Amino acid sequence: MDWFLLAMVAAVALASVMPEWGRSEGPLHLGQVTDVGVFLLFFLHGMGLSTDSLRQGATRWRLHLLVQCCTYVLFPLWWALLSVTVGRGMSPDLLMGFFYLAVLPSTVSSSVAMTALARGHVAAAVLNATLSTLLGVFLTPLLVSLVIGASGLLGGAGAQPLDVGATMLKVAQMLLLPFVVGHLLRPLLAPAFARIKPITTVFDRGVIVLLVWSAFSDSVADGLWSRHGAGLLLQATVGALVFLLPMLWFTRWAARKMGFSVEDEIVAVFCGSKKTLASGMPMAKLLFGGSAAMGVLILPIMLYHQIQLFVCAVMARRYAQRPAAPVVDQA
């Protein structure tokens with residue numbers, strides 16, 4: 001079993017048994033520690049971004065439009081449909097957690113990795129995933145502020161709607177600024193980054209585990225498990241499947257209807273159906289850090305992340321087994 005999944009399960013278990021240790025303002029001061037970790041995480045993401053890869057994938061505008069529409073239009077519409085049909089039987093906090101999942105950007109590392117494994121168009125995957133992340137810095141806080149913030153969920157009863165501009169500025173300062181700085185410094189620090197690149201994935205996942213530990217510690221201390229039982233986990237798991245499987249089918253169907261090559265279809269399927277845990281957890285800390293419902297709000301993306309990795313890995317291997325394209329003799 002993947003150590004990352006085990007670490008997240010352990011973080012939730014530890015938070016459930018000893019919530020005081022992991023609280024944001026607890027003895028370990030995880031609030032400040034994770035702030036620093038998030039800044040460094042996005043700095044490294046920016047440094048790892050290749051401008052050449054973005055340039056190579058820039059010409060496929062129809063593919064990019066499909067992926068971004070799936071990420072920021074189709075997912076929220078699917079959530080709206082589900083919320084009015086089956087949402088009444090779900091905890092309001094969990095329902096809002098699925099809305100947060102619906103408005104998150106796509107992943108970067110796993111989308112590109114799955115595309116490469118499936119022998120898809122890697123440069124287009126890099127561009128789409130990066131574009132999705134950059135758009136998410138503005139679109140995700142905007143939609144969260146308008147829908148979740150206006151509901152009064154953030155901050156408890158009587159809370160005022162979030163200031164949209166201030167929220168986007170805060171996210172841009174914590175996520176976009178280090179990303180851009182890291183990318184601008186890439187020409188100078190590329191040799192140093194190449195030496196530490198093998199450990200960046202470990203650091204990336206380590207920061208996420210700390211964020212999960214802190215979020216669940218805060219929520220457990222505020223009565224998470226006393227208000228919700230095992231039914232919460234079952235609802236979240238079923239909901240993650242109901243989000244993922246139709247989106248995988250739709251992206252594949254739409255790509256074929258639009259006449260895409262199989263390489264571009266792979267990009268549409270893997271970039272258009274994925275949601276990011278790497279950006280989702282830091283952004284949740286910025287948006288929901290003061291809410292007692294934080295643990296429930298992040299539960300859908302935690303489960304969705306694991307399920308999408310498993311399902312997409314199976315699909316990538318099947319794509320990779322297709323016959324190689326014939327080589328045309330130019331002589």
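I began with the secondary structure of this predicted model, and I found 15 helices and zero strands in the protein.

Next I looked up how the chain is covered and connected. Of the 331 residues of the protein, I noted that 53% count as buried, and that the accessible surface comes to about 15,000 Å², with 70% of that surface belonging to carbon and sulfur atoms. When I took the contacts between residues at least 6 apart in sequence, I saw that 87% of them join residues at least 24 apart.

I then turned to one pair of helices, α13 (residues 262-273) and α15 (residues 294-320), which pack at an angle of about 170° with their axes 11 Å apart. On the α13 side I listed Val262, Glu265, Ile266, Val269, Phe270 and Ser273 as making the contact, while on the α15 side I listed Tyr304, Gln308, Cys312, Met315, Ala316 and Tyr319. Sorting the residues of this contact by class, I have nine nonpolar, two polar and one charged.

Is Arg119 buried, partly exposed or exposed? Its relative accessible area is 32%, and I therefore recorded Arg119 as partly exposed, since that class lies between the buried limit of under 20% and the exposed limit of over 50%.

Definitions and conventions:
Residues numbered from 1 in each chain as written. Predicted model: local features only at pLDDT ≥ 70, side-chain atom pairs only at ≥ 80, totals over all residues. Heavy atoms only, no water. Axes fitted to C-alpha atoms, helices over the stretch in contact; angles between N-to-C directions. Helix = DSSP H or I, 4+ residues; strand = E, 2+ residues; numbered from the N terminus. Contact = heavy atoms within 4.5 Å. Nonpolar A, V, L, I, M, F, W, Y, C, P; charged D, E, K, R; others polar. Buried < 20%, exposed > 50% of the residue type's maximum accessible area, 1.4 Å probe, protein only. Areas by Shrake-Rupley, 256 points an atom, 1.4 Å probe, with all protein chains shown as cover.
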